Amino acid sequence: MNFVGLLFRSSIGRKILMALTGLILIGFVVGHLVGNLQVFQDPDHLNGYAEFLHRLGPLLWVARIGLLVSVVVHIWAATVLTLENQAARGGEPYAIKHTIRATLSSRTMRITGYVVLAFLLYHLAHFTIGAAQPGTFKENLPAYTLQQEYRVAGFPVVDAGATVADVHSMVILGFQNPVVSAFYIIAVGLLSFHLLHGFDSLFQTLGLRSGRWSAGLRGFALLFCIVYFVGNLAIPGAVLLGKLEPRTTAVAAAAAR
Amino acid sequence: MVAENTTQPISLTLRVWRQAGPNEPGAFVEYRSANLNPAMSFLEMLDVVNDELTIKGEEPIAFAHDCREGICGTCSCTINGKPHGPGTGIATCQLYVRSFRDGDVVTVEPFRARAFPVIKDLITDRSAFDKIQAAGGFITARTGSAPDANATPVPKPDADLAMDAASCISCGACVAACKNASAMLFVAAKVSHLGLLPQGQAERDRRVLAMVRTMDELGFGNCTNYYECSAACPKLISHDFIARMNRDYLKAMFRSSLSPESASGAGGGA
């Protein structure tokens with residue numbers, strides 16, 4: 001069998017696909033979080049960043065298709081491997097089900113995966129398509145004029161005075177709904193829990209992990225998941241606590257004063 | 001001073017899986033066993049129970065056993081949900097009655113895996129492991145007189161690691177313990193044991209590809225890194241070997257599809 005055949009047909013090949021697509025998706029969620037933490041800065045930042053991403057044009061679609069392929073392959077591999085695993089026990093299950101040391105996060109990967117998928121679909125409907133909360137979707141909010149140019153790595157990419165979508169207000173108005181925020185927090189918590197096993201596992205699957213540094217890797221994975229969760233918790237958390245306000249109400253409040 | 005649990009006789013209630021044949025329905029049957037010597041091994045206790053059953057004219061419990069000293073890998077009971085029972089780094093034959101408390105209910109099941117069908121009661125057919133082994137668990141060596149002992153230098157750390165992998169007794173506890181009934185710890189041990197040594201290099205790529213392919217064909221599950229296998233292993237073989245096998249497999253995948261090969265097939269224009 002050739003390389004691609006082995007990758008898609010063999011047990012280890014599918015696990016490698018699982019690990020590589022997982023790695024791509026971890027890279028994405030980290031970048032996505034770092035980009036979104038700009039919500040804590042002046043609206044120029046998040047709005048300029050959103051405009052910059054849209055101006056990437058075809059490159060944005062390359063990234064989107066790459067991520068979509070990763071998600072599809074990740075779910076396909078998980079489904080095929082899980083069905084095989086369930087069949088492998090045979091007809092008669094154990095009467096006594098005993099776990100020696102498998103972690104809770106490893107045993108709940110399928111459940112946390114389902115929640116993350118549901119969250120992903122809602123998240124796209126919410127902030128990308130605008131189906132979840134159309135009233136506060138960026139296209140239905142007044143446009144925003146950048147006060148300062150937006151720079152990426154020191155290079156100006158969006159000029160001052162550009163009229164852009166008001167993503168900053170959309171995010172804050174969206175999270176002012178406690179039910180939406182609670183779902184985000186729970187889903188991102190479960191995603192962090194999913195990554196706790198996933199992050200550790202991908203090193204094992206790619207053959208990079210060994211007992212000599214597994215405790216360090218585990219510690220790093222735990223730290224990574226905690227930091228990732230806190231970073232994600234910060235955005236809806238700050239909105240619910242009233243620390244972040246949308247520009248439209250801030251402008252209205254300033255005008256009223 | 002001798003601890004009390006090693007001298008006082010105890011009584012146990014055994015819930016044993018009884019199944020007359022491969023395609024017969026099975027069920028748990030309870031046996032009350034009193035006055036057991038705590039120094040008996042688990043298998044000796046089953047012998048005592050079987051003696052009593054034979055005297056009563058009942059069919060004795062069929063269980064697999066051979067060396068009874070933890071090196072042959074024949075005994076294979078799942079005891080209270082854990083292959084080879086409570087304890088670490090032991091086979092069923094090295095488990096003693098003193099590991100249980102007076103009055104305990106002990107559930108004894110065969111190893112459960114589609115690739116290990118039950119033959120009778122607690123005996124499973126584990127010849128699937130032989131098929132994996134036959135697919136690549138060998139080296140090509142010259143026959144004839146014994147070679148000079150140190151003709152092929154082997155670095156000590158490699159020899160030690162290879163011996164860790166070679167301590168696998170092919171009992172199947174890894175498959176039985178794995179929530180996915182995966183054989184990856186067994187295959188990893190066999191692949192690594194030969195792959196770590198200079199004598200195993202000639203077939204290294206072919207070995208890992210063939211053994212993994214055979215493992216997949218036999219209907220074992222896939223590793224999801226629970227690490228239950230290495231915890232249940234009577235030889236405590238590390239799941240680090242699974243990482244090593246994954247790495248070997250990845251390299252072999254590249255080399256088997258991309259490295260140049262002879263055009264003539266015969267080699268050297270012969």
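In strand E5 of chain B, B:Val108 is the bridge partner of B:Val16.

Before that, a word on the model: it is predicted, so local features need pLDDT of at least 70 and side-chain atom pairs pLDDT 80 or more, while totals for chains, interfaces and linings use all residues. Residues are numbered from 1 along each chain as its sequence is written, with chains lettered from A and ligands numbered from 1 in the order in which they are written.

Strand E1 (residues 10–19) of chain B runs parallel to E5(B), with four bridges between them; strands count as paired when DSSP finds at least two bridges. Strand E3 (residues 77–79) of chain B is antiparallel to E5(B) and joined to it by three bridges. E5(B) itself covers residues 105–110, and five of its six residues are buried, so the strand is largely enclosed by the rest of the structure. Buried here means 20 or more other C-beta atoms within 10 Å of the residue's own, with C-beta atoms placed from the backbone.

Stepping back, chain B has eight helices and seven strands. These are DSSP runs, numbered from the N terminus: helices are H or I with at least four residues, strands E with at least two. Of its 270 residues, 44% are buried.

Now for the meeting with chain A. The contact takes 34 residues from chain A and 43 from chain B, where contact means C-beta atoms, placed from the backbone, within 7 Å. On the chain A side, helix H4(A) gives the most, with five residues.

Notes
A residue is buried if 20 or more other C-beta atoms lie within 10 Å of its own, exposed if 12 or fewer, and partly exposed in between; C-beta atoms are placed from the backbone. Two residues are in contact if their C-beta atoms, placed from the backbone, lie within 7 Å.
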